[in-house]
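Thanks for coming, everyone. Please have the sequence and the model open. I'll go element by element.

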Amino acid sequence: MNVTFSIMTVYEDVPRLNAVIGSIKALAIPNVEILIMGSYQHDWVHVDPSVQHILTDGWTPVKKNLAAKFARHETLCLIHDYYLFDTEWYKNWMAFNEHCTWEIASNPQYLLNGKRHFTDWVLWDHPTLPRYHSLHYNDWSQTQYQYVSGGYFLVKRDFLREHPFNEEMKPGSAEDVEWSLRVRHRGVMVCNPNAIVRQNKNHRDNDKRGFPYEQ
C-alpha cells in the first residue's frame, strides 16, 4: 500500500508542521508522497523530493479536491497539520488491507490530553441515538448514519475524484458533514482499530465532557 499524504496548512506553526512530516517519514513507507496544500510561505523550506508544495489560496474543500487531482497513489490520507502517526500505523494498515477493501476509512484519533477524539468514528443522524455518539471501532453497522470528520481520514483517490467536496461551501459550513452524507451510500466506510494518530495541537475538544463511548 503506497500512500499519498496531503497536509492542509496555513503555516500557523511551522515546527508543528515539520513534526507531522517527520512522523510520516518515520513510517518508512515505500514510494511515499507528501503534498503540502497551502499558499506560499517564504520561511518554510523542506528540501526532500517526496515532499511537494501545491500552491493554493483556496480553503479546505479546494485543497482536498486538489490533493485527489495531484496524488500519484490510490490511497490518499487527508489531514490537517496537527496529526502525528504512531510508528505502527503503516504496518497496521497493511495488515488490515489483507482482509478488507474500502473507499472511505478512519482510525482512532487521540487528543493532546490522551483522550479519544469523539469525532473519529461517530454518528450524525441516527434515528434513536444522539448526534456525536461515538461508536466502537469494530462496529461498522451504522455507516448509513455516520459522518467522517474532515480533520483526518483516508479515501481512495479515484473515489474522491468522482465525488469531490463542494467548493461552493463557505468556511465554517461543515463541508465534511455535507460530503459524508452525500457519499456514504456510494462507498464502503470502515474503521481500522489498530492504526492510531495523535494530535500535537491543543484542540478545542480537549475540555469537552465525557463521550458516550470511550475506547
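S1 and S2 run parallel, joined by five bridges. Two strands count as paired here if DSSP finds at least two bridges between them.

A word on the ground rules. This is a predicted model, in which local features need pLDDT of at least 70 and side-chain atom pairs count only at pLDDT 80 or more, while totals for chains, interfaces and linings use all residues. Residues are numbered from 1 along each chain as its sequence is written, and side-chain values use heavy atoms, with hydrogens and water left out.

Back to S1. It also pairs with S4, in the parallel sense, over six bridges. There, Val-3 sits opposite Thr-75. Is S1 mostly covered or mostly open? Mostly covered: six of its six residues are buried. Buried means under 20% relative accessible area, exposed over 50%, partly exposed in between, with a 1.4 Å probe and protein chains only. Val-3, Phe-5 and Ile-7 point one way from the strand, Thr-4, Ser-6 and Met-8 the other.

Next, the cores. A nonpolar core is a set of buried Ala, Val, Leu, Ile, Met, Phe, Trp, Tyr and Cys residues joined through side-chain atoms within 4.5 Å. The largest one has 31 residues, and Phe-5, Phe-85, Trp-89 and Tyr-152 touch the most other members. Several elements each supply at least two residues of this core, including S1, H1 (14-25), H3 (89-97) and S10 (152-156). A second, separate core has 26 residues, among them Trp-121 and Phe-165.

Look at Tyr-152. Leaving aside neighbours within four places in sequence, its contacts include Cys-77, Phe-85, Trp-89, Trp-93 and Val-197. Contact means heavy atoms within 4.5 Å.

Now another sheet. Three strands, open, mixed pairing, in the order S5-S12-S7. S5 (83-85) and S7 (109-110) stand at the edges with a single partner strand each, so one side of each has no neighbour in the sheet. S5 and S12 (residues 197-199) pair antiparallel over three bridges. In that pairing, Leu-84 has Arg-198 as its bridge partner.

Over to H5, residues 175-183, where we find Arg-182. At 31% relative accessibility, Arg-182 counts as partly exposed. Beyond four places in sequence, Arg-182 contacts His-163, Pro-164, Phe-165 and Asn-166. Take Phe-165: Arg-182 is 17 residues from it in sequence and 9.6 Å away in space, C-alpha to C-alpha.

Last, the cysteines. Cys-100 counts as buried, at 11% relative accessibility. Cys-191 is buried too, at 0%.

How values were computed:
Helices (H or I, at least four residues) and strands (E, at least two) are DSSP runs, numbered from the N terminus.
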